[in-house]
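Work through the exercises below with the structure open. Try each task before reading its solution.

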Amino acid sequence: MAPAIPWQLPSGTEESTAPIHFFFRSIPFSLDSGETAEKHAPETMAGGVAVFDYDNDGNPDIFFTNGADISGLKKTSQRYWNRLFHNNGDGTFTDVTEKAGLAGTGYDTGVAIGDYDNDGYEDIFVAGVYRNTLYHNNRDGTFTDVTEKAGLNHPDKEFGSLWSVGGAWVDINNDGLLDLVVVNYVSWEAAKEPHCEIDGKPDYCHPRFYKPLPNQLFLNNGDGTFADISAQAGIRAYPGKGMGVGVADYDGDGLPDIFIANDKLPNFLFHNKGSGRFEEVAAEAGVALPDNGNVISSMGVDFRDLNNDGYPDISIVALQNETFPVYENTGKGGFTEITGKSGMTLLSTPMSGYSPNIADFDNDGWKDIFVSRGDVASPNVAGRVAVNQPNTVFRNIQGNKWSALTAEAGFASQPPKRHRGSAFGDFNHDGKLDLVVTAIGAPAEIWINDRSNSNHWLELALQGTKSNRDGIGAQIRLVAGGHAQFNHVTTASGYGSSSAGPVHFGLGAEKMADEITIRWPSGKVQVLTHVAADHVLRVVEPK
């Protein structure tokens, strides 16, 4: 049994008056990226995490990816195991990794959660260096590696074995079966690692020293296998240096589109044209580069509606002096960068970010942005670069301004670290979203949301019948007190991470949602009225 993680404020702690606030609790996992004096590139890129309910007991559990011995890319010690922690619902977590069969074998980076076979239990895709893994949930607390059977781990004929950093489950054709996008980073071989130095010491090389890789798209055949349609879909023609993936229907045509954040290359926006075909439109849509035209170190991404106009917007994080770009959807097939006028430029310029999560952390009806922070450089350059950094939440002020909360939000209660992946979920069922964050060479962090206010909330747990079982791709419009909000079902969020809980809405002072409209991926539209606040509502798609 892991040590208790009480849901209550630590004894003797004064209640915060900040609009968003968290308190820290540890969990017995440390991210071990196999860091060496030679500074091989994968060592700075580990750290995906997922929040999901693997056993359907109603309590969100936590899965961590982990590194390996860099020399052979094997988990030669338990310190490299991936870890699954069961949420016992009483403030404690139990490490069930060994029983579940999820320790892993290689160098793992990212995770994507989705029920690919529609059996009602969430499955796990793990992205890694030279090997990806698909774990089927056996519905008894154990998982089976079905990667080879599923056809997901064959080397690319041109590029060889790929280094994947993450993925996303998405039903590209609305046939009720989840397909898989795999995000690949760069072509890397330990034996051919370029040597780079800062201040005379080895350090991680700039991405320009590595060749780009194409991303991949696998179509679900419905029989436990997948077909690689990357080439015919138009995805493979665009090699990049992918770091993050977001999925949303940005133009409202009923088909999910794919945004991929690239490291020191223009980003990709793949517009879904139907029939399994995509068109890359990032430049035309205004999201390939910031308005200044500079390529930046785009890291993680989230793709959700920030200003409650019904169109999903894009939040990207990058490194110091590059800002965290925010792109507002115009509703006309394109985006406008609002980083400067929203205040994000001034706030984020001194920061390095890795994993952004868009969610309403104060339940005021406006989605905020949490960012896990830390630089890609090693501690060798501390002093020249702020390598270790605290986390920050950017509070959304009615859709057009940001307020950065770091110490005010409680994050300064822990030493700054090289944070990486992050995911969110309501661990203690109090209606406030909590966080879990990883950090290289340091224990993971659980941040319990303890802001005491009178704001109400509502969560929707969707179950498809004609659509995929997860309801991934469903679009939701909620009206409370004359104020409309929008969200959609996706488990892709941040860097190499997955947040697979119910869709969360903050309602502010409203005790009821007047109307909820759900547009399922199948095309069915479901309307609910007069729904009481402050509970998880389970909604089944009409047959």
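**Exercise 1. In what order do the strands S24, S25, S26 and S27 lie in their open sheet, and what is the pairing?**

Solution. This is a predicted model.
- Step 1: take the order. The four strands run S24-S25-S26-S27 across the open sheet.
- Step 2: take the sense. The pairing is antiparallel.
- Step 3: find the edges. Strand S24 (353-359) and strand S27 (401-405) are the edge strands, and each pairs on one side only.
- Step 4: zoom in on one pair. S26 covers residues 392-397 and pairs with S27 over five bridges, in the antiparallel sense. Within S27, Leu405 is the bridge partner of Val393.

**Exercise 2. Which strands stand at the edges of the open sheet of five strands?**

Solution. 
- Step 1: write the order. It is S5-S4-S3-S2-S34, and the pairing is mixed.
- Step 2: read off the ends. Strand S5 (93-95) and strand S34 (498-499) each have a single partner strand, so one side of each has no neighbour in the sheet.
- Step 3: check the S5 end. S4 and S5 pair over three bridges, antiparallel. His86 has Thr94, in S5, as its bridge partner.

**Exercise 3. Is Asn82 buried or exposed?**

Solution. 
- Step 1: locate the residue. Asn82 sits in the loop between strand S3 (61-64) and strand S4 (83-87).
- Step 2: apply the cut-off. Buried means under 20% relative accessible area. Asn82 has 0% relative accessibility, so Asn82 counts as buried.
- Step 3: pick out the polar partner. The side chains of Asn82 and Asp108 make a polar contact at 2.8 Å.
- Step 4: take a C-alpha distance. Ala68 is 14 residues from Asn82 along the chain, and their C-alpha atoms are separated by 9.7 Å.

**Exercise 4. Which strand gives the most to the lining of the largest pocket?**

Solution. 
- Step 1: get the volume. The largest pocket has about 1000 Å³.
- Step 2: find the centre. There are 46 lining residues, and the closest to the centre are Ala461, Ala500, Gly501, Pro502 and Arg538.
- Step 3: survey the elements. Those giving two or more residues to the lining include strand S2 (49-52), S24, strand S31 (456-463) and strand S38 (536-540).
- Step 4: S31 gives the most, with six residues.

Conventions:
Residues are numbered from 1 along each chain as its sequence is written. This is a predicted model: local features need pLDDT of at least 70, side-chain atom pairs count only at pLDDT 80 or more; totals for chains, interfaces and linings use all residues. Side-chain values use heavy atoms; hydrogens and water are left out. Two strands pair if DSSP finds at least two bridges between them. Buried means under 20% relative accessible area, exposed over 50%, partly exposed in between (1.4 Å probe, protein chains only). A polar contact is a pair of N or O atoms within 3.5 Å; within protein, one must be able to donate a hydrogen and the other to accept it, and residues adjacent in sequence count only if both atoms are side-chain atoms. On a 1 Å grid over the protein atoms alone, a cavity is a set of points where a 1.4 Å probe fits but cannot get out, and a pocket is an open set with protein on both sides within 12 Å along at least five of seven lines; lining residues have an atom within 4 Å of a point. Grid points are joined across faces, edges and corners, and a volume is the space filled by probe spheres set on the points.
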